[in-house]
Amino acid sequence: MCSSTPQIHTASLVFFKMRSPVKRVATAVGVDVPEEMKSRIPVVLLACGSFNPITNMHLRLFEVARDHLHQTGMYQVIGGIISPVNDNYRKKDLAAAHHRVAMVQLALQTSDWIRVDPWESEQAQWTETVKVLRHHHSELLRSLPRTEGPDHSKTVSPVPAAVPELKLLCGADVLQTFQTPSLWEDEHIQEIVGKFGVVCVGRAGHDPKGYISGSAILQRYQHNIHLAREPVQNEISATYIRRALGQGLSVKYLLPDAVIAYIKHHNLYSRDGAGKVNSTQDNAGETS
């Protein structure tokens with residue numbers, strides 16, 4: 001790569017060359033960077049959650065957040081990561097992690113910039129959100145290109161490049177939970193919003209500005225909380241999806257067709273409980 005390569009382009013290549021445990025990465029390597037993007041801060045968006053199952057609303061969060069950050073004139077979103085929660089989260093009706101990861105993979109077949117990462121789901125126990133952020137931030141830094149020392153025998157500091165920022169992507173309902181007693185540790189909230197930053201997409205019935213004003217920590221770091229507005233209200237609920245599937249109702253156009261086909265093939269979210277974490281599974285380890 002020549003020395004005149006824009007810093008932001010270098011960072012983009014770094015993200016898309018990162019190893020993917022599920023052997024699927026976005027394919028935007030080598031895409032020309034618009035002139036107005038070259039001086040912007042590169043950002044990777046990380047969404048954590050159960051994705052039980054993933055819906056079109058989850059996918060829209062990424063698109064709305066990317067548009068919002070680009071419109072600020074400060075950032076260029078170079079990638080997105082979906083991190084399904086560990087089975088030990090013990091949420092009611094939670095499908096086994098290998099199913100949820102596989103469904104996200106299928107949902108992202110048409111995306112050239114978002115990927116699923118199973119690291120969180122593969123841990124021995126449930127992992128707190130701040131630790132998931134730390135892991136992926138460490139992976140971003142570790143994947144930066146490094147220069148050789150004078151003796152060409154070892155690497156030293158990273159080559160000059162814009163270091164990507166990692167930001168937590170969430171809906172306004174998650175921002176509201178920061179105020180729930182005993183649910184989050186204050187130091188974790190401070191690290192999430194202070195060190196990493198949050199991109200929060202609004203939802204009907206929620207007041208993200210009010211949530212910020214009601215929290216001393218969120219007020220202190222409100223410059224690092226980006227509030228994005230979804231112009232088309234999209235209130236698809238994974239809870240409704242599961243309920244509808246259990247009743248044999250159609251969920252077409254609420255989630256990708258490939259995900260619907262997977263759910264039917266593996267008999268997930270049916271009344272007999274097949275595919276749940278606590279149910280007997282004959283296909284443990286299957287990922288596709």
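Start by selecting Glu 165: it is partly exposed, with a relative accessible area of 27%. Keep in mind that this is a predicted model.

**Stop one: Glu 165 and its partner**

Glu 165 and Lys 167 form a salt bridge. Their closest N and O atoms lie 3.1 Å apart. Is Lys 167 buried or exposed? Lys 167 is buried, with a relative accessible area of 0%.

**Stop two: a link across the chain**

Select Glu 230 next, then Arg 60. These two form a salt bridge as well, with 3.1 Å between the closest N and O atoms. The pair links distant parts of the chain, 170 residues apart. Where does each residue sit? Glu 230 is in the loop between strand E8 (225–228) and helix H9 (238–246). Arg 60 is in helix H2 (residues 56–71). Colour by accessibility here. Glu 230 is buried at 7% relative accessible area, whereas Arg 60 is partly exposed at 33%.

**Stop three: Asp 257 and Lys 252**

Move on to Asp 257 and show Lys 252 with it. Another salt bridge joins them, and the closest N and O atoms are 3.2 Å apart. Asp 257 is partly exposed, with a relative accessible area of 46%. Lys 252 is also partly exposed, at 39%.

**Zoom out**

How many salt bridges does the structure hold? The total is 10, including Glu 165 with Lys 167, Glu 230 with Arg 60 and Asp 257 with Lys 252. Side chains of opposite charge can pair when their charged atoms come close.

Terms used: Residues numbered from 1 in each chain as written. Predicted model: local features only at pLDDT ≥ 70, side-chain atom pairs only at ≥ 80, totals over all residues. Heavy atoms only, no water. Salt bridge = Lys/Arg side-chain N within 4 Å of Asp/Glu carboxyl O. Helix = DSSP H or I, 4+ residues; strand = E, 2+ residues; numbered from the N terminus. Buried < 20%, exposed > 50% of the residue type's maximum accessible area, 1.4 Å probe, protein only.
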